[in-house]
Amino acid sequence: MSHRFLTIGLWTILAASTAIPAMAEPVFNRIASFPVISNLPKDSDLSQVTSSEIITASEDGKTLVYSDSPNGAIGFIDITEAGKPQPLGQLKLDGEPTSVAAVGANVLAAVNTSKDKANPSGRLDVVELASRKVIATCDLGGQPDSVAISPDKTFAAIAIENERDEELNDGEIPQLPSGNLKIISLKDGAPDCATAKTVELTGLSEVAPEDAEPEFVSINRENQIAVTLQENNHIAIIDAASGKITNHFSAGTVDLDKIDVEKDGALKFDGSAKGVLREPDTIKWLDNNRVIVANEGDYKGGSRSFTIFTKDGKVAYESGASLEHKIAEAGHYPDKRNKKGVELEGAEVGKFGDTNYLFVASERASIVGVYKDTGAEPEFVQLLPSGIAPEGVLAIPSRNLLVTANEADLIKDGGVRSHVMIYELKDQKPNYPQIVSTMKDDGTPLGWGALSGLVADLKEAGKLYAVSDSFYSAAPSIFTIDANQSPAKITKALVVKRGGQPAQKLDLEGITTDGDGGFWLANEGDQAKLVPHAILNVNGKGEIKKEIALPEELLPNQVRFGLEGITRVGEGDDATLWMAIQREWKDDEKGFVKLLNYNIKDKSWTAVSYPLDNIGAGWVGLSEITAHDGQLYIVERDNQIGDKAANKRLYRVALEGLKPAKIGEKLPVVEKVLAHDFIDDLKSANGYISEKLEGFAIDVDGNGYAVTDNDGVDDSSGETLFFGIGKVQATN
C-alpha cells in the first residue's frame, strides 16, 4: 500500500482570491493558547480538574497570574514572548482562590476558606511574584469573590459575597449572612490589615435588601468604588477614603425582542421577554463618570445584555440583544442552554493608543465582543473566539495584548481543558470568524451551527452547501455558503421537510448534489434513538422524495457510528452514490471501515474496505467523502483535541479499477494516497486543534474547502473553522 503526497497549494485562511487591503484597521487576533494543565507538576495526575478564572498581569505585563479554584492554586505564565507562553508552575493555597490582582512586586489572592455556605470565611494572601511564595495574609471575615486595586495603588477593595447555596430553597435569597465590601490600605504593594474598613451593603436593594451579595468591584481614578450586587440587581458607588456609600441604584430591567426563548433543537429568534432583571456581574469604569456592566442574569435568568450607566444611575447605553445576534451570526449561539441566552459575564476596559476599547465576554457562547468607546453608543469592532466559558478578561495596553481566562475543564467528559488565550492588537485582517450568516429580512439572525457535511455547487465556483447534524433536531437544514467572501457567508437555510414539517429522526452527516436541483443526504443512524441508517433524496425545496435504508444484510452488524459522508459519481441513470461509514462495524476487521456504493438505477448495494491509519491516541474514523476528477477524497480523523491530535488527513482513492463486492462477500481493500494534512490549517487560528474536522468539498474550479463541526456549542467553544486549501490535483 503506497502513501504518497498530493501537491496542494496552500491558501490563506480563506480563498486566495480575497484581496487584502493595503492598510488594514487595527484589530485583535489570537496569537496563542495556553492549556492550564501545563502548569501542573510533572508527577501530577493530569486527569484532575484545573481551571483559569480571574487573571491579572505583573506591572511589566510579562507574567500572567490566574486563579485556579478547583485545584486550590494560583498559576503563573511567562508571556515575555506573548506568542509562545511558557509555564511557570503553580502555588497551592490553603483554600479556594477566587480572584487575583497584581500590585507592585506582589499579587493579592482572595481565598475562600468557608466550611460551608452558612459559615463563610476567607483570607487575602500576599504572594511575592519573584519567589512565588505567600509573604503575608489578612483575615477577611467572609467569602471573597472579587479584588480590585486602586489606580494609585493606595488601597484594595474586596467584594465579600458570602454566596447563596443554590441547592437550598431553590437558591432563593435571602440566605444570611449578608455580604459586604472590604477596603484595605496598601503600602509598597502590601496590605495593612489593621486599616481594613467594612462597608455594609444591606438595606439598599429592592431584591432581598437584608442579604447583599456583592459580586464584582472596580475603582476609578477618583478613588470611587463601584460594586455590583448581582442577585440583588443593584449597583453601589462608595467613596474609598470615607467608606461612605455616595450613591446606589437598581440595575433595572431590560425588554428583549427577537430572541430565542425555547430549548428545542431549533434556532428561532422570534421570541421576546419583558421586564427582565439585568442582574449585573462584572463592572468596570469607562472613565470617572461611567461604568459598563455585563448582565449575566444568572439568578432569575436571561438578561443577555450589557449596559453603560453613569454613576448617578442613568442608563447611557443598553445593548439589548444586539451582541447576542452577532454571536448567533457567528454560529456560537448555545441553544441547549437557552433559557439564559449567551450570559454576558466578563467585561474589561483598556485604552490602546487613543482608543478606549470595551470587551464583553459570553460565558455560554465562549466568545468576546470588542467595541470602541465613543462616549455614546459603542462601536462594534469584532468577535474573538475564546476557550470554553471565559471568566476573566484582561487588557494589557502597554503590550497591545488582551488575555482571556477560560473556566471550563471538560476532562471528566473526555473534552478540552481549561485554557488561557492571548490576543494582539495590530494592523491586520481579523482571522476569526471564518464563516458567518446574514441577517434575515425580519431583522433576526440566520442561526446555524454543527456543520457536518459539505458539497460544492455544480456551476458556481465558491458556492457550497452544508448540512447540520442532529443537534438541531427540530430544524435539520441545508445551508448555502458563499465562500468567495471573507469571512465566508451563509446566505440561506433550507429546512429538510417530511410531509410539510421539519423532518424528525435525522442526523445529517453528509450531502451531495443529485444533478437535478436537489440533494442526496446521508443520515447517521442510532438504534437506541430509533434513528435509521439511511440515505435521503430531497428536492430543491427541501422536501424528502426518497428514503432508502441500508440493506438488510448490513444491519445485524450495525453500531452507533454510521454514515458520515456521501458523494455522487456519474450522471443521470448511470450515477452511483459512495458513502463513508465512520468506524468499524461488527463484521469489519479492526482498523478497516466500509465505503458503501449504491447504484441508483438497479438499487444494488456493494462495498469496499478502507484501511485506517494506526497513529496517535483514541479512535480513528472517516468524516467525509467527495468525488472529484476520477478520485474519491476521504477525510480521515482521530477523536483527539489539542496537542493529542495526530490524524486530521485527506486521502484519495482512485475510482479507476475500483470494483466493490457484494455485501457479505470478502471486500477488496482500497489503496489510499495521502493528499493533505489538515493539522496546520487547524492551528491557523492559534487555538487548540478541534476534534471534529467534518466537511470537505471541491468546487467547480477545483478548489478544496473544509469545515469543522462546533457541536452546537454544547461542551464546545463554539468555534467553527472554515478554510480553503487551494487547488486539488492528483499527481503521481
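Trainee: Which residues of helix 1 are buried?

Mentor: A general idea first: an α-helix has 3.6 residues a turn, so residues three or four places apart point the same way. In this predicted model, the buried residues of helix 1 are L323, E324, H325, I327, A328 and E329. Helix 1 spans residues 322-329 and is mostly covered, with six of its eight residues buried. Just after helix 1, G331 adopts a positive phi of about 80°.

Trainee: How many helices and strands does the protein have?

Mentor: There are two helices and 54 strands. The radius of gyration is 27 Å, close to the 27 Å that the globule rule gives for 732 residues, so the protein is as compact as a globular protein of that length. Of the 732 residues, 61% count as buried.

Trainee: How should I read salt bridges, and how many does the structure hold?

Mentor: Side chains of opposite charge can pair when their charged atoms come close. The structure holds 38 salt bridges. One of them joins K340 and D298, at 3.0 Å from N to O. This pair links distant parts of the chain, 42 residues apart: K340 lies in the loop between helix 1 and strand 25, and D298 in the loop between strand 22 and strand 23. K340 is buried because its relative accessible area is 15%, under the 20% cut-off.

Trainee: In the pair of E524 and R560, which partner is buried and which is partly exposed?

Mentor: E524 counts as buried, at 3% relative accessibility, whereas R560 is partly exposed at 33%. Their side chains meet in a salt bridge of 3.5 Å, N to O. 

Trainee: What is the distance between the closest N and O atoms of K311 and E222?

Mentor: The closest N and O atoms of this salt bridge are 3.4 Å apart. The two residues are 89 residues apart in the chain, and each lies in a loop: K311 between strand 23 and strand 24, E222 between strand 15 and strand 16. K311 is partly exposed at 21% relative accessible area, and E222 is also partly exposed, at 44%.

Trainee: Which residues are linked in a network of salt bridges?

Mentor: The network links D613, E636, R649, K672 and D677.

Trainee: Which residues gather in a patch of negative charge on the surface?

Mentor: The patch comprises E262, D270, D441 and D442. D441 sits in the loop between strand 32 and strand 33 and is exposed, with a relative accessible area of 86%.

Conventions:
Residues numbered from 1 in each chain as written. Predicted model: local features only at pLDDT ≥ 70, side-chain atom pairs only at ≥ 80, totals over all residues. Heavy atoms only, no water. Patch = residues over 30% accessible without salt bridge, like charges linked within 9 Å, V, L, I, M, F, W, Y side chains within 5 Å. Areas by Shrake-Rupley, 256 points an atom, 1.4 Å probe, with all protein chains shown as cover. Salt bridge = Lys/Arg side-chain N within 4 Å of Asp/Glu carboxyl O. Lys, Arg positive; Asp, Glu negative; His and termini not counted. Charge placed at Lys NZ, Arg CZ, Asp CG, Glu CD. Helix = DSSP H or I, 4+ residues; strand = E, 2+ residues; numbered from the N terminus. Buried < 20%, exposed > 50% of the residue type's maximum accessible area, 1.4 Å probe, protein only. Rg over C-alpha atoms; globule rule 2.2 N^0.38 Å.
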